[in-house]
Amino acid sequence: MASRHTISTRLWHWVNAGAIIVLFMSGLNISNAHRYLYWGNYGFDPKDAWLSVIRFPGWATIPQHYNLAIARDWHLLAAWPFGLGLLFIWAAMLANGHFRHNLMTSPRDWTPGAVLASLKAHSGSDGGARGYNPVQKILYGAVFGVLLPLMLFTGLAISPGFEPAAPWLVEVLGGRQSARSLHFIAAWGIFAFVVIHLVLALANWRLILAMITGGKRPAEQEAPAHG
Amino acid sequence: MVDLPRRSLLAGIAALGASACSKINQNETARSLISAAEDGHRAVHRALAGKQALAPEYARSERSPSFRGNGSVTIADPFYQDQLAKGFPDWRLEVRGLVGKPLALTLAEVKALPQRTQITRHDCVEGWSAIGEWRGVPLAHLLDAAEVQETAKFIVFRCADTLYGRDYYESIDMVDAYHPQTIIAHSLNGEPLPEKNGAPLRMRIERQLGYKHAKYVKAIEAVASFERIGQGKGGFWEDVAGYQWYAGI
């Protein structure tokens, strides 16, 4: 096993990338239907909104014109590969040790010194020889552990047909309109991650190739690494 | 096609993706996938929660200060306006179709039947929510009184309002029709229904989005299929805009 990325990681990465593009762009179209966000269980009056969202232009939405029905069709369809994919990648990461070896942080990783050092060392290099640096671990951890699950759970929570199955989910999230607001915030969190991710990957395009072919793992990593 | 902004590569890629999706949307396979997902969502929801599981109910203090009216909020018809002013003395709620005993009930007769009061949240497909206290007759009582037949698979609600020149209507299956929170409401927050919220009678289908909750209900019709009603998709917004018939998401 000399490849940098396992087949499960690569498969999930690209299926998830496709699902996220469809979810994000159809989500912007859905946002245009009622451009106000509230906290709590109810909210319909723009006067009570904590945020008044811009109207997203056609080029950014699926479909390219305002159509709530088609946008919802695509959003609800793409939610399946996204949700099942998230379950799959978590199961795979726990089973193949990817989480324990590469993503799990130690208290040392959270110190300002470690963060600063990894930001300095990172510039340009892929840091491959020594695995992920603390900033990468924290960022990927936040995406896998917080943003992606939050997206899934807030999405389920705003469905009135799902709610009787898990009413506690809506309560935990602070009410239906809070869940809707968090769904929106998490979406932009993922968008921000994707921008950073793309910029850094395009700066070293071999990384993109490696996510397709599997790539080659640096020699130092061939032997099982502990610690 | 819309003219694409050329200055931005990202915009171009996004537009490409979006137009591909518009094309895919006409595609048979994509349509059948989307429709399979809709059926799947209904089946999964009912399997996870149970067919008769209740939507959450709230305390009086948790109600929204007012209840938004949306879609039709007024009816121009002179007969309706006259009835609204007088408290609907000549309004009749018909129960018809595949029933052994068709009914035509006055508002007073509707109120004399067993009642249910529930404080529930109304979620619009657009994204907003309101919470109100509804009082009315469980649909199950009406269907039993009218002796609904075995062959009935759906209940259709015929409404007094028109939008874009078409009569509003909606439909649900028998699972939702017999759900304990499916009521024909005549009161909102202790008062007779206001015009904007569907006076004199409106449906509450608590586990689905707002467009299923037909307002200004004139007749309840038991049918084996809704293929020959309207454009055959089971409801006004389903026909006009392509909204999903199962509105549990």
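In which element of chain A is the place of Ile196(A)? Ile196(A) is found in helix 7 of chain A; helices (H or I, at least four residues) and strands (E, at least two) are DSSP runs, numbered from the N terminus.

1. Basis of the note. This is a predicted model, in which local features need pLDDT of at least 70 and side-chain atom pairs count only at pLDDT 80 or more, while totals for chains, interfaces and linings use all residues. Residues are numbered from 1 along each chain as its sequence is written, chains are lettered from A and ligands numbered from 1 in the order in which they are written, and side-chain values use heavy atoms, with hydrogens and water left out.

2. The nonpolar patch. Leu139(A), Phe191(A), Val195(A), Ile196(A), Val199(A) and Leu200(A) make a nonpolar surface patch of about 470 Å². Helix 7 of chain A gives the most to this patch, with five residues. Such a patch is made of residues with over 30% relative accessible area and no salt bridge, nonpolar side chains (Val, Leu, Ile, Met, Phe, Trp, Tyr) being joined within 5 Å and like charges within 9 Å. The accessible areas come from the Shrake-Rupley method with a 1.4 Å probe, and for residues only the protein chains shown count as cover.

3. Extent of the interface. In chain A, 34 residues are in contact (heavy atoms within 4.5 Å) with 55 residues of chain B. The two chains bury about 3700 Å² between them, 65% of it on carbon and sulfur atoms; buried area is the accessible area (1.4 Å probe) that two parts lose on being put together, summed over both.

4. Salt bridges. Between chain A and chain B the count is three salt bridges (a side-chain nitrogen of Lys or Arg within 4 Å of a carboxyl oxygen of Asp or Glu). One of them pairs Asp73(A) with Arg31(B), with the closest N and O atoms 3.4 Å apart. On the side of chain A that touches chain B, the elements giving two or more residues are helix 1 (7–31), helix 2 (68–96) and helix 7 (176–203) of chain A. The largest share, nine residues, comes from helix 2 of chain A.

5. Backbone features. Most residues other than glycine have a negative phi, and most peptide bonds are trans. A cis peptide bond, with omega about -10°, joins Ile62(A) and Pro63(A). Pro63(A) is placed in the loop between strand 2 (51–52) and helix 2 of chain A. Tyr164(B) has a positive phi, near 50°.
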